[in-house]
Amino acid sequence: MNPTDPAELEGTAYLSLQNPCNASCPMCLSWRDDSVLTAGTVRDALRALADEGWQRVIFTGGEFVTHPDFDALLTLTGRLGLDFGFITNGTVLEPGHDWLLDSPRLAKVVYSRDFADPERHATWRKLPAFPEQDITQALARISDRGVFCQLNTVLMPTNADDLADFTTLPFWPSLHLWHLIPVKGAIARTWNEETRRRLRTTVATLHATPGPGPTLISPLPSGFADIPLTEVRTSRPTGSAVRGRSCTVELGQLYIDASGHVLPCNSIAWEERRTIGFGNLHEESAKAILARRRHALATAHNSGRLGCHACDPLNFATNIRRGSGGPAPE
């Protein structure tokens with residue numbers, strides 16, 4: 001079964017319930033911030049999304065399921081007729097969350113995994129080493145019934161040479177997409193020409209590997225074709241990577257971060273989110289912000305802004321598939 005990725009569908013809202021997390025990943029800034037959306041704020045946002053005709057919500061965070069009111073918020077999501085998905089560090093794939101995984105409204109699961117070796121991954125993220133059997137059984141069960149299953153890997157110099165090991169993971173056949181997301185900030189500075197050359201060779205080999213397994217979305221050969229990985233510092237748009245391509249992702253999606261900002265997507269200009277966003281849920285109602293978003297898009301909001309610089313290669317690939325202009329990736 002080959003389900004459609006909700007990221008390809010209009011009417012998909014990403015909702016970061018909180019920044020606190022049960023992991024402490026070195027490359028992540030979220031868990032260092034204590035922002036949490038209140039249940040009332042989330043309920044207001046969910047009702048406004050449903051009233052506007054949005055189709056689904058992808059919960060993220062920090063680990064979303066540890067939000068104190070998540071169970072009640074998920075119940076409301078279903079009552080409003082919204083499908084849902086989530087991004088998890090593996091917590092939700094453990095036994096005890098069958099009620100969540102077996103929901104008929106579940107449309108997408110994204111599992112974040114940075115090293116194929118479970119112990120190395122657990123040490124890196126400061127998490128327990130979740131049993132591979134539990135993860136494999138959970139992903140197989142939901143994949144078999146048509147839930148879109150995705151693996152996210154933060155791409156770093158420390159794991160770039162081990163990417164081929166991922167193809168031996170026992171849950172590999174259950175995946176539909178593997179998204180390599182280049183690390184940003186200080187860790188990005190440790191790339192050098194040799195590690196980047198080896199990465200390019202590895203990615204080319206993975207793209208050419210036949211057999212079952214997920215589609216690979218990687219920074220090579222897409223958005224980083226002409227940008228040194230050492231220059232990846234933030235999520236700012238970078239003209240040299242996507243010159244001439246206006247972003248189309250924001251037309252059918254939005255992102256609500258744990259600080260309350262309502263943004264065009266989840267990958268651009270975090271440092272400037274007040275200027276590129278539509279408003280903040282702590283300052284006005286979700287209904288008012290969504291109305292402003294409609295008006296802004298109708299008047300070519302951000303039309304001069306170039307698409308993301310492949311800090312989110314998935315958005316880059318989506319823009320290409322939707323025909324937003326410019327040559328296709330290498």
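The notes start with the ground rules and then go from the helix to the cavities.

**Ground rules.** I am working with a predicted model, where local features need pLDDT of at least 70, side-chain atom pairs count only at pLDDT 80 or more, and totals for chains, interfaces and linings use all residues. Residues are numbered from 1 along each chain as its sequence is written, and side-chain values use heavy atoms, with hydrogens and water left out.

**Helix α5.** I took helices (H or I, at least four residues) and strands (E, at least two) as DSSP runs, numbered from the N terminus. Helix α5 covers residues 132-144, which is 13 residues. From first C-alpha to last I read 18 Å, close to the 18 Å expected at 1.5 Å a residue; the expected span is 1.5 Å times one less than the number of residues.

Next I checked burial (buried is under 20% relative accessible area, exposed over 50%, partly exposed in between, with a 1.4 Å probe and protein chains only). The buried residues in α5 are E132, D134, I135, T136, A138, L139, I142 and S143. I found them packed against α3 (98-101), β4 (106-112), α4 (118-125) and β5 (148-155), where contact means heavy atoms within 4.5 Å.

**Either end of α5.** Just after α5, G146 has a positive phi of about 100°. In the loop between α4 and α5 I looked at K126. K126 is not a glycine, yet its phi is positive, about 60°. Most residues other than glycine have a negative phi. K126 is exposed, with a relative accessible area of 52%.

**Cavities.** I used a 1 Å grid over the protein atoms alone; a cavity is a set of points where a 1.4 Å probe fits but cannot get out, and lining residues have an atom within 4 Å of a point. Points are joined across faces, edges and corners, and a volume is the space filled by probe spheres set on them. How many cavities of 30 Å³ or more are there? I count two.

The largest cavity holds about 60 Å³. Its lining includes Y111, R113, H121, F130, E132 and I135. The largest share of that lining, three residues, comes from α4.

The second largest cavity holds about 50 Å³. Among its lining residues I noted A45, L49, I256, V262 and L290. The elements giving two or more residues to this lining are α1 (39-52), β8 (253-256) and α10 (286-298).

**Classes.** I counted Ala, Val, Leu, Ile, Met, Phe, Trp, Tyr, Cys and Pro as nonpolar, Asp, Glu, Lys and Arg as charged, and the others, Gly among them, as polar. The largest cavity's lining has seven nonpolar, one polar and two charged residues. The second largest cavity's lining has 10 nonpolar, no polar and no charged.

Methods:
1 Å grid on protein atoms, 1.4 Å probe; cavity = no way out; pocket = protein on both sides within 12 Å on 5 of 7 lines; lining within 4 Å.
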